[in-house]
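Please look through the sequence and the model shown here before reading on.

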Amino acid sequence: MKLLKLIILNLFIFINLINSLPSEWFVIGPFPIGEREEGLDSLKAYGGIFEIPIGDDTMYPSELGTNGVVGWEKVQSTSGGYLSIDWSGLVDWSFLQQTWGWAIWLWYGYAIGSFSVESSGSYIINCSGTRQYFIQSTAAYKEIFEFSGDFYGYGTGQQLVQLNQSTTYNLIVRMQSSVRLSQSPNSQFSCSLTPIENNQYITVLDSETLISDLVNGELATPFATITIFNNGIYSNSDNNNNNINSIDVKVNNNESMIGVKFLGDSNLNILAGQKMSLPLEITIDSSRSQINCPFNLTLNIETNGETIGEAIIGFNCTEWGNPYLYTFLDYDNTVQYAIAIPPTESCSDSEGETICGVMLATHGAGVEASSPFWMNAIPPQQSLWIILPTGRRSWGYDWESSSRLNVMNSIEYLVNNLPGVPNQLKSQYQVNGEKILFVGHSCGGHGCVSLLSRFGDMAIGGMCAAGFVKLQFYVFYNTRPGFSYIDPSLQGLLMASIAENDNDLYTSNIVGIPLMVRYGENDTNVNPWHSRRIARMVDEQSNQVSSVTISEVPNSGHWFDGILNDQYVLNWYNQLTKISLFSQPPIPKVITVTSHNPSSSGSRANIKILQTINPSRVAKIQIVQVKDEQGELVWILSTQNVRRFGFQSTPVRTQGLPVSVTIDGQSFTTEFLPTTHFARLDKWLPDWNSTTDTTWTQTERSPLTSGPIRQIFEKPFTIVYGTNTTDKSTTNLFEWGSVYISNFYNTYGRGSPNILADTDFVEPLVCSSNDNYILLGNSFQNLVTSKYQSLLPVIFNWDNSFSVGPSSTYSYPGTGILFLAPNPCGQGLILVVAGYDDQGFNNALHSIPQRSGVLAPDFMVVGNDIWKGAGGIISTGFWDPNWFVSLDSSYFGFTPF
């Protein structure tokens, strides 16, 4: 690598590359960035990557560079569209790492190369290894196209772009390292550019095709999915656009004994450049002879009776008793999969009672659930069904949010349907889905503790291996440049938006549940400190020095043979299941039930926290079990930050549940959900009441609507963009924003929301808790936002300014807002994204938390300083239980200068 000497190019790089992406790059960096730090870009202080001279000798401040500065380099890569760099020639990483650990490896920079194409037309560009990149025209300086990359290389990064033959373009790739992905400071990307042929209306993403296994010749489940990309050349004469607004899928005529049914809305709307995963139901005629694998099924994809594409689904055959893949409809009606490994023996005892539970094994980051490595990690168990969920993707959401919901749906589907079990054996393999042994490794070890501590009443125990406590302990957040711009009160509110995922905060819920933590003593990936921290906290709250079993394996690292399946741990599994399959672990005499967010917590000790007083703070209920004078069981409860909670009658406890309870000094007869719960409606007085009101969820925040913003993605949602604008470019921006959100969600979460213009929106006849909406544009730009204005805790004005809570009106260029509101029946959510101007909308759009670990409470006002990361947040906070600003949990800063 050579440092660039004096090379001054006024505006653009010109490299004569015909029909190929560049292999020669100008690269600038590295600049520091934090884990999951969105929007940060130090170069914006000097004009930004689109304004500064490319390839000159200007040096820019960066604490990663010698003398605190970095500049441009000219780099030749091994192939077009590809670059790999770690800056080891410029940065002494080992010296920096002595103080900061591997978090110092986090950096970003830009690589810029130029290219041209042989012919004008539509192209598909696909970049992996990057989250964001741009194409800039040298003919029109302000013509810049932004794209989302396929960072983890799923094969889902397709993006649509129109290119002209006579124009030279700059490909501008934002490079960013990931210490979890590369275990080093290295970052690399790879891009491809493919012309779209005439009449090639769609592209089928082969890597996304999914169907269940054939077990003994029968489909384990009927659900399948194919993913298509609208290439943007289909001419829709009805609407004068390139949208595909109807879909049908049919079996090729060569296979008359197999049927297919499209399970989505046939009148869906797929915009140009949008990906859509199509849910299908496959049926095989019982008279058809058994399918022999390998076998491929060809499907025709049609719109308005015209075939626009073809997809091939490959079947996999296996025999009963082997691991197999089953598909199911997840919470958002997309088709997802899990792996099932049946128990080695029948699940019915001599009296016909179900004696099988579930071993739920959550995989590590980047591990595919269907990989032979993971399917063979744990041998079949005698009386446990093993479920290997995906978490939606191999990287998923750190077993939080959408990944957590995916886990619960994979269990529910297996329990209710026994997919893959031969009909004559189903009565023998019934499973109890409320007796779960949680197991996991690495990120899955984090998920193991997370699920165990939030769904303790479903647990018989946990064996959590080499897991991290929480993301901000694993890759430290404290090196974030954006945090240097904000005060502790704002930082606290931002961190509160992800505190529901802090496993250490929930360790009180593990008290009384058998837990083993296991790790190699030389683990340099997830340091043993993490497992030891969880063990210590559970021990302390149990008042026992060894309530947690610690298995620290000498001379071993992050993964070693036997970590989940050697004889020591197999004996532990067997001993635990023999004790616990017939009854749940008993509730300790003293235990504290903890929840930071009721939406992500199940019950513990048969108590379910339903609502908090202060949404940014943790809620706790301490239970002390005593006997009254008649020898009856009584619970004395002390609460903290709890507004509503209830008792669940299940699981059934051998020691029984209390006949009465004392709540903060008030006595009540024990009554149960869903008919009765306990409420304290005064913020300052602990005045509890037993109530049968079940309508409160329609007007107050509940587990269905408790936020924060990330919760919008935890149900099916529709994106509605505004068209009631005075400038066509604003409408185009809203439409582009819709595709941006949809494709991002598809790439990283296998989701497929529908997109509608506000003029095409038809309100459902019956409001549902599953009706979530993302509305782009304010109430004067979006007809649906206007329709629901009375539900919104933000006021919009005719000039696009807006106000929230006690703040003055926000009417500054570049200011945007994103916030949650209830849907019309109060049991679903609306996310509104708007701006004072187009730049403000764009700033708000890029602040949507589409990944785990991204900080965003219930509302955020951002400005043009969003390039400072958190330093660009003007105001933020949480709504109270009645959808007003919670002044105790909000921050209102200075208006932009």
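## Buried charged pairs

Arg174 counts as buried at 9% relative accessibility, where buried means under 20% relative accessible area, exposed over 50% and partly exposed in between, with a 1.4 Å probe and protein chains only. Its partner in a salt bridge is Asp41, at 4.0 Å from N to O, a salt bridge being a side-chain nitrogen of Lys or Arg within 4 Å of a carboxyl oxygen of Asp or Glu. Asp41 is likewise buried, at 4% relative accessibility.

The model is predicted, so that local features need pLDDT of at least 70 and side-chain atom pairs count only at pLDDT 80 or more, while totals for chains, interfaces and linings use all residues. Residues are numbered from 1 along each chain as its sequence is written, and side-chain values use heavy atoms, with hydrogens and water left out.

## Further salt bridges

Asp332 and Arg392 form a salt bridge whose closest N and O atoms are 2.7 Å apart; Asp332 is buried with a relative accessible area of 11%, and Arg392 is buried at 1%. Lys470 and Asp504 meet in another salt bridge, at 3.1 Å from N to O, and both of these residues are buried.

A network of salt bridges links Glu35, Arg36, Arg180 and Asp398, and the count by this rule comes to 26 salt bridges.

## An open sheet

Five strands, in the order 32-34-35-37-38, make up an open sheet with mixed pairing; strands are DSSP runs (E, at least two residues) numbered from the N terminus, and two strands pair if DSSP finds at least two bridges between them. Strand 37 (residues 660–663) runs antiparallel to strand 38 and is joined to it by 4 bridges.
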